[in-house]
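User: I would like to learn how to read the features of a protein model, one at a time. Could you walk me through this one?

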Amino acid sequence: MTIDLGCSFAGLNLRNPILVASGTYGSGLEAAPLADLSRIGGVVTKSVTTKARRGNPAPRIYETNGGMLNSIGLMNPGADGFAAKVLQEFTHLPCARILNIAGESVDDFATLTQRFGAVEGVDALELNVSCPNVSGGLDFGTRPAELTALVRECRGRTQRPLIVKLTPNVTDIVELAQAAVAGGADALSLVNTYQGMAVDWRRKRPELGSPSGMGGLSGPAIKPLALAALWRVRRAVSVPLIGIGGIRNADDVMEFIVCGASAVQLGTANFADPAAPVQVAAALDALCRREGISVLRELVGSLQVPRA
Ligand code: RRO
């Protein structure tokens with residue numbers, strides 16, 4: 001039996017729904033010797049900003065029960081550094097290539113969209129309006145009217161698919177999802193990390209070195225929260241959704257798919273094993289075979305909840 005794991009949405013054609021999440025895989029080039037990227041759907045780069053950023057003081061990663069805190073602080077080589085050292089190779093990766101961009105102003109996002117939004121081999125842009133670890137990183141992702149204006153500005157500057165990555169650190173993620181769609185988002189990815197903290201009470205210090213002492217929580221601990229966020233957004237908007245949050249295996253992928261995700265991103269799992277996305281893609285194929293699922297996309301959004 002042939003298993004069709006393919007998904008096409010928002011102008012993207014993926015061989016399977018497994019993507020790697022921004023910030024967990026560099027630009028894909030680093031992982032290429034360890035993982036056959038022709039076996040996954042695509043790679044999302046670490047966020048690129050207009051200017052290079054050195055990131056937050058160490059420690060930047062801290063393992064928690066069932067998860068991980070990070071406070072990288074948007075470290076990246078900036079648009080010029082990315083264009084000079086990474087872009088060319090990135091655009092030749094053998095899977096979908098999604099460039100994640102971040103900024104402090106509408107102008108930053110507009111400039112980056114203009115610069116990279118027509119580059120051959122950049123298949124889509126993901127707007128990161130949801131970094132919890134830098135001052136101002138959440139501004140756009142938490143204010144609906146500003147988010148709509150930001151997305152609209154970027155929408156006018158590229159023909160490529162625009163994915164907006166949402167933060168869960170809000171009272172009502174549905175409101176932000178609707179705001180992004182109103183601005184012209186082609187798809188939404190959710191969720192970015194949950195603001196969290198770990199402390200060493202004996203030293204009376206946070207475990208992370210960020211100026212706020214806080215970081216972003218990811219990994220299996222957040223999966224139920226992420227599923228609930230995705231399910232709520234699924235019922236409120238009609239654009240394709242990309243599910244993110246603690247996905248480690250093929251069953252996790254299926255949970256997001258039935259809740260309404262057209263694709264998923266693996267993040268924290270990549271820190272333990274950069275080959276995780278390839279393994280999960282293979283396991284998904286095997287799972288579909290076992291379960292008699294010949295066309296995976298037919299299950300997107302098939303969850304049934306009484307009185308949903
Ligand atoms: O760089 C980071 O600290 C970071 C970013 Br940009 C983000 O979007 N989410 C996150 O957990 N960390």
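User: Where is the place of aspartate 285?

Analyst: Happy to start there. Aspartate 285 sits in helix H10, which covers residues 276-291. Helices (H or I, at least four residues) and strands (E, at least two) are DSSP runs, numbered from the N terminus. Before we go on, note that this is a predicted model, in which local features need pLDDT of at least 70 and side-chain atom pairs count only at pLDDT 80 or more, while totals for chains, interfaces and linings use all residues. Residues are numbered from 1 along each chain as its sequence is written, and side-chain values use heavy atoms, with hydrogens and water left out.

User: Is aspartate 285 buried, exposed or partly exposed, and what does it touch?

Analyst: Buried means under 20% relative accessible area, exposed over 50%, and partly exposed in between (1.4 Å probe, protein chains only). Aspartate 285 has 23% relative accessibility, so it counts as partly exposed. A contact means heavy atoms within 4.5 Å. Leaving out residues up to four places away in sequence, aspartate 285 touches Ile3 and Leu5. Its C-alpha atom is 9.2 Å from that of leucine 296, eleven residues along the chain.

User: What does threonine 113 touch, and is it buried or exposed?

Analyst: Threonine 113 belongs to helix H3 and is buried, with a relative accessible area of 0%. Not counting residues up to four places away in sequence, threonine 113 touches Ile101, Leu125, Leu127, Cys154, Arg157 and Thr158.

User: How do I read the faces of a helix, and which residues of H1 are buried?

Analyst: The general idea comes from the geometry: an α-helix has 3.6 residues a turn, so residues three or four places apart point the same way. In helix H1 (residues 78-85), Gly78, Ala79, Gly81 and Phe82 are buried. Viewed down the axis of H1, these buried residues fall within an arc of 165°, so they line one face of the helix. That arc is taken from the directions from the helix axis to the C-beta atoms. Asp80 and Ala84 are exposed on the other side of H1.

User: What do the buried residues of H1 pack against?

Analyst: Their partners are helix H2 (87-90), strand S7 (96-101) and helix H3 (106-116).

User: Which peptide bonds are cis?

Analyst: Omega is the angle to look at. A cis bond joins alanine 58 and proline 59, with omega about -10°; proline 59 is in the loop between strand S4 (42-44) and strand S5 (61-64). The bond from leucine 190 to valine 191 is also cis, with omega near 15°. Valine 191 lies in the loop between strand S10 (187-190) and strand S11 (194-196).

User: What is phi of alanine 10, and what is phi of lysine 204?

Analyst: Alanine 10 has phi near 50°, a positive value in a residue other than glycine. Its place is the loop between strand S1 (7-9) and strand S2 (12-14), and it is partly exposed at 25% relative accessible area. Lysine 204 has phi near 55°, again positive in a residue other than glycine. Lysine 204 lies in the loop between strand S12 (199-200) and strand S13 (205-206) and is exposed, at 68%.

User: How many helices and strands are there in the protein chain?

Analyst: The protein chain has ten helices and 16 strands. Its radius of gyration is 18 Å, close to the 19 Å that the globule rule gives for 308 residues, so the chain is as compact as a globular protein of that length. That radius is taken over C-alpha atoms, and the rule is 2.2 Å times the number of residues to the power 0.38. Buried residues make up 55% of the 308 residues.
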